[in-house]
Amino acid sequence: MYKVNDNYLKLPGSYLFSTIAGKVTAFQAQNPDKNIIRLGIGDVTKPLTAPIIKSLHEGVDEMADAATFKGYAPDLGYSFLREIIAKEDYASRGAHIEADEIFVSDGAKSDSGNIQELFAVDNKIAVSDPVYPVYVDSNVMAGRTGTYDASTGCWSDVVYMPCTEENGFVADLPKERADIIYLCFPNNPTGAAITKDQLQRWVDYANEHGSVIIYDAAYEAYISEPDLPHTIYECEGARTCAIEIRSFSKNAGFTGVRLGFTVIPKDLRCGDASLHDMWARRHGTKYNGAPYIIQKAGAACYTPEGKKSLKELVGSYMKNADAILKGLQSMGYTAYGGVNAPYIWLKTPDGMTSWDFFDFLLEKANVVGTPGSGFGPHGEGYFRLTAFGTYENTLAALDRIKEL
Ligand code: MLT
């Protein structure tokens, strides 16, 4: 008889956003007349911008012509895209990353879930708490997290690094052994940003302790304050300890188009093993690359017209973020984020649990958000709203919350 990977059976419940979608679907079925405003999952609502649409059309036309048709993409991505990324996202910020250290993929979610395959099962992972659930869940599936304690919401072999009001939602360096450290800045879910000095401390820690940092920078386009690092490679020594994951979902609205990339510097080595070569091997074996048409659209993000259009796109979502943050604060809520990130992290009122507030908001205001406890134990008592709705819906949601 075959056996299943019983690590999957250890996972409590379903994926956070699937659970929420199920609850919202059930509520809508029982209340078909209610107009629900969704500010839960961080999914974009604005269409792709004109320069990107133009590039997509051109890509389609090329596929219709024998002279320009493309079959399999190169394993690691087209060089036209990898070169422009190296120039625009790294060289322009004084960070040294070569085009062949960039691995193009179908998005940050799959890369952040798959990257753990490079590491032995007995590594200890450390995560911020609260945290994007993919980092922990994918390590559970790999059998790296020990046993789950439902009373605390914690895995025995995971180092949880609390992110609280006191530390500005930026975790302190771990006191226990931490081999693989997941960091995400600007942060999902709290919306917190990290300063260059703080990030440098993490890089120094990783180099001193022989740890690797998996740095999720999916929200870097939302940084509005000056002097904050847009990539971990702005820090000295990051090439020997950090992997960076990026996405086109949030800066360019590609959630339904799918494109991202992972950077693994060639200096990142564990003894004789090159993580770059291992990831290249994995890509070559398990992946046939993001479609040509999509990679072409990705390159259009870096043209002058593309950059201008994305600045406007991000700006429009940040207008929502500002409205949510200020609107909630004016109603007396304690709220964070929304300045360098499209997420607002608010304290639930009257000591309500995160899920109680979720139900309350859904039933009374027909507004969907994300319960903080879904991101980890230290998310309890908090709630996340996303700025990715339309401006009209964002204002309408605030009006409804005000009426509660
Ligand atoms: C979120 O809502 O946290 C994100 O949209 C999820 C994702 O990007 O996978």
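This is a predicted model: local features need pLDDT of at least 70, side-chain atom pairs count only at pLDDT 80 or more; totals for chains, interfaces and linings use all residues.

Colleague: Which residues are around the ligand?

Modeller: They are Phe17, Ile41, Gly42, Lys109, Tyr132, Asn188, Tyr219, Lys250, Tyr343 and Arg384; a residue qualifies if one of its heavy atoms lies within 4 Å of the molecule.

Colleague: How does that shell divide by class?

Modeller: Five residues are nonpolar, two are polar and three are charged. Here Ala, Val, Leu, Ile, Met, Phe, Trp, Tyr, Cys and Pro count as nonpolar, Asp, Glu, Lys and Arg as charged, and the others, Gly among them, as polar.

Colleague: Which domains supply the shell?

Modeller: Domain 1 (8-46 + 305-402) and domain 2 (53-304) each give at least three residues; the bounds come from an automatic or database domain assignment.

Colleague: What lies 2.6 Å from a ligand oxygen?

Modeller: That is a backbone N or O atom of glycine 42. A polar side-chain atom of lysine 250 is 2.8 Å from an oxygen of the ligand, and for a side-chain N or O atom of arginine 384 the distance to a ligand oxygen is 2.7 Å. The ligand taken alone exposes 270 Å², of which the protein buries 87% (Shrake-Rupley method, 1.4 Å probe).

Colleague: Now the core: which residues have the most contacts inside the largest one?

Modeller: Ile213 and Leu328 do, in a nonpolar core of 96 residues. Such a core is a set of buried Ala, Val, Leu, Ile, Met, Phe, Trp, Tyr and Cys residues joined through side-chain atoms within 4.5 Å, where buried means under 20% relative accessible area, exposed over 50%, and partly exposed in between (1.4 Å probe, protein chains only). Helix H10 (residues 304-330) contributes the largest share, 10 residues; helices (H or I, at least four residues) and strands (E, at least two) are DSSP runs, numbered from the N terminus.

Colleague: Where are the cis peptide bonds?

Modeller: One joins phenylalanine 185 and proline 186, with omega about -15°; another joins asparagine 188 and proline 189, with omega about 20°. Proline 186 lies in the loop between strand E7 (180-184) and helix H6 (196-209), and proline 189 is in the loop between E7 and H6. Asn188 is also one of the residues around the ligand.

Colleague: Asparagine 366 has a positive phi; is this residue buried or exposed?

Modeller: Asparagine 366, with phi about 55°, counts as buried at 10% relative accessibility.

Technical notes:
Residues are numbered from 1 along each chain as its sequence is written. Side-chain values use heavy atoms; hydrogens and water are left out. A polar contact is a pair of N or O atoms within 3.5 Å; within protein, one must be able to donate a hydrogen and the other to accept it, and residues adjacent in sequence count only if both atoms are side-chain atoms.
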